[in-house]
Amino acid sequence: MAEIRAFVCGHPVAHSRSPLIHGHWLKELGIDGSYERIDIEPSDIRAFIAGLPVSGFAGGNVTIPHKEAAFETVSRRDGEAEAVGAVNTLWIENGKVCGGNTDAIGFAANLDDRAPGWRQRDRALVLGAGGAARAVVHAILSAGYMRVDITNRTPARAQELADLFGAKVRAHGNEAVDTLLPAADLVVNTTSLGMDGDVSLPADVAALPDHALVTDIVYVPLETPFLRAASARGLKTVDGLGMLLHQAVPGFERWFGKRPAVTQQLRDLVIADLDAH
Ligand code: ATR
């Protein structure tokens, strides 16, 4: 049988860890396949997607800034893509390009893995309302939470996001954070605060209840200042790297036909790569 080929497309795409993750699984599972990086200019993404059925690729991942264009271009979308408003995974079915989104699945699988029991809670606080926050809110609601508060520096963006989800989701400006913290069972940082050496905190962990679970979708650094403060306060924390690893699972299984595992070995491999760059 011919080699199965998949890709990640983005712009820029050089920093993507997806080739490392999928390459590890291909080797581990002994599959005759490849996974390559393709840099595509925004002006070329629609033609690239339209040409996929005759490209020889089984499918691939879509990353920044193409997730919305991919959403608009595919012939069919799965329910996750509809809920998140973006496509990060492509595959071909009956000669048509289909799109899915695995970000919410990755977020939930990471917590299932590292904080089992997180679904048996009621109330979440999501800090930030950018692109990633929509997948996070969708995942939390799918897990059965009764209430999600979104806070954002730009309140109108939080409101736009809340409006997509209905009455369980409420929008606030950042001034509401302090009053929302004491009632939060789960807090998720989706802002860029704490990324790449930034030391600012998106919220003061002192006001959280003792049982609160704190997670960050940022994974560079692995332990963000927010997670460090939460740990120091004795709270359970989960870093964002697992979301990256788990969101890759459904695409790999679809293209290459075997379900890969997120292991400590894979985690260590990606951490070594993050440390080296
Ligand atoms: P996206 O995810 O859409 O690319 P982003 O620019 O990466 O968006 O920002 C992600 C989130 O971090 C947003 O909620 C952003 O708040 P705004 O919507 O008000 O821009 C938040 N954010 C970024 N820098 C911030 C800062 N210095 N203080 C507070 N929030 C900030």
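Which helix does arginine 267 lie in? Arginine 267 is in helix α12, which runs over residues 264-276; helices here are DSSP runs (H or I) of at least four residues, numbered from the N terminus. Before going on, some housekeeping: this is a predicted model, where local features need pLDDT of at least 70 and side-chain atom pairs count only at pLDDT 80 or more, while totals for chains, interfaces and linings use all residues. Residues are numbered from 1 along each chain as its sequence is written, and side-chain values use heavy atoms, with hydrogens and water left out.

Back to arginine 267. Its relative accessible area is 8%, so it counts as buried (under 20%, with a 1.4 Å probe and protein chains only). Its side chain makes a polar contact with the side chain of aspartate 239 at 2.7 Å; within protein, that term means N or O atoms within 3.5 Å, one able to donate a hydrogen and the other to accept it, with sequence-adjacent residues counting only if both atoms are side-chain atoms. Leaving out residues up to four places away in sequence, arginine 267 touches Arg114, Leu222, Asp239, Leu241, Gly242 and Leu245 (heavy atoms within 4.5 Å).

Now for the ligand. The residues around it include Gly131, Asn152 and Arg157, where a heavy atom within 4 Å is what counts. Ligand oxygen atoms lie 2.8 Å from a polar backbone atom of glycine 131, 2.6 Å from a side-chain N or O atom of asparagine 152, and 2.8 Å from a polar side-chain atom of arginine 157. On its own the ligand has 620 Å² of accessible area, and the protein covers 65% of that (Shrake-Rupley, 1.4 Å probe).

How values were computed
Helices (H or I, at least four residues) and strands (E, at least two) are DSSP runs, numbered from the N terminus. Buried means under 20% relative accessible area, exposed over 50%, partly exposed in between (1.4 Å probe, protein chains only).
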